[in-house]
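Subject: Structure handover

Hello,

Here is the structure I promised to pass on. Please open it first; my notes follow below.

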Amino acid sequence: MELLQELCQTPGIPGYEERLRAIVRREMEPLVDELRVDALGNLIGVKRQSGAPKLMIAAHMDEIGFVVSYVDKDKGWLRLVPLGGHDPRNMTAQRVTVCAPGGDLPGVLYPGIKPPHIQTDEDRKKQPQISDFFVDLGLSGERVREQVPIGTPVVLRREFQAIGDCVSSKALDDRLAVYIMIRALQRATA
């Protein structure tokens, strides 16, 4: 379960899977004869066993997220470009992690719309769009501009948690597949 938790909580949006790939590499290295990364960032391991049937085990490791497209110079709010299928109805007040070069920064997603207590009936009928949202890091515009360049990855921040006999986490769909791939490879090479 610790490996699954580590996989789920590690950021890895499309094109920014380095941290996640390092974990998968660590787990696969003792199990395979060859390990390489191709031009698209795929980690490919090969185990050679004479006379054994050929077997391919594959998994998809990225997660939905965002990339910073703009930093407000005064307030430091981050505007985003989505990567993957987001539903704006589920985005309000979600915690996020901004994967800045100098270290991860916690933030909160908010729609740039009027608060409920001053909305008109017409305002209440409007559904927020992804383009309405920004990330507030709770820092000055100057500090944010120093720490968060355009193109910085942003991921949802949902803790890995046991709920009854199940677990809940961000990225559980793809990361569970990676976990199963690693465990299958361990069994196949034992």
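At what angle do the axes of helix α1 and α5 cross, and within what distance do they come? The model is predicted, and the values here are computed from it. The axes of α1 (residues 2–9) and α5 cross at roughly 140° and come within 9 Å. Oblique begins where roughly antiparallel ends, and the latter needs an angle over 145 degrees. α1 and α5 are therefore oblique to each other. The crossing of α1 past α5 is right-handed.

On the α1 side, the contact uses Leu 3, Leu 4, Leu 7 and Cys 8. On the α5 side, they meet Leu 172, Arg 175, Leu 176, Val 178, Tyr 179, Ile 182 and Arg 183. By class, that contact has nine nonpolar and two charged residues, with no polar ones.

Next, α1 against α2. Their axes lie 9 Å apart, at an angle of about 155°. The two helices are therefore roughly antiparallel to each other. Here α1 passes α2 in a left-handed crossing. α1 contributes Leu 3, Glu 6 and Leu 7 to the contact. α2 contributes Leu 20, Ile 23, Val 24, Arg 26 and Glu 27. The contact of α1 with α2 divides into five nonpolar, no polar and three charged residues.

That leaves α2 with α5. Helix α2 covers residues 18–28, and helix α5 covers residues 172–188. They pack at an angle of about 15°, and their axes are 10 Å apart. That makes α2 roughly parallel to α5. α2 passes α5 in a right-handed crossing. From α2, the contact takes Leu 20, Val 24, Glu 27 and Met 28. From α5, it takes Arg 175, Val 178, Met 181, Ile 182, Leu 185 and Gln 186. The classes here are seven nonpolar, one polar and two charged.

The largest pocket has a volume of about 940 Å³. It is lined by 31 residues, and the closest to its centre are Gly 45, Leu 55, Met 56, Ile 57 and Ala 58. Two of the helices above return here: α2 and α5 each supply at least two residues of the lining. Strand β2 (43–46) also supplies at least two. By class, the lining of the largest pocket has 19 nonpolar, six polar and six charged residues.

The second largest pocket has a volume of about 290 Å³. Of its 13 lining residues, the closest to the centre are Ile 113, Lys 114, Gln 119, Asp 123 and Lys 126. Its lining has five nonpolar, three polar and five charged residues.

Best wishes

How values were computed
Residues numbered from 1 in each chain as written. Predicted model: local features only at pLDDT ≥ 70, side-chain atom pairs only at ≥ 80, totals over all residues. Heavy atoms only, no water. Axes fitted to C-alpha atoms, helices over the stretch in contact; angles between N-to-C directions. Helix = DSSP H or I, 4+ residues; strand = E, 2+ residues; numbered from the N terminus. Parallel < 35°, antiparallel > 145°, perpendicular 65-115°, else oblique. Left-handed = near helix turned anticlockwise from the far one by under 90°. Contact = heavy atoms within 4.5 Å. Nonpolar A, V, L, I, M, F, W, Y, C, P; charged D, E, K, R; others polar. 1 Å grid on protein atoms, 1.4 Å probe; cavity = no way out; pocket = protein on both sides within 12 Å on 5 of 7 lines; lining within 4 Å. Points joined across faces, edges and corners; volume = space filled by probe spheres on them.
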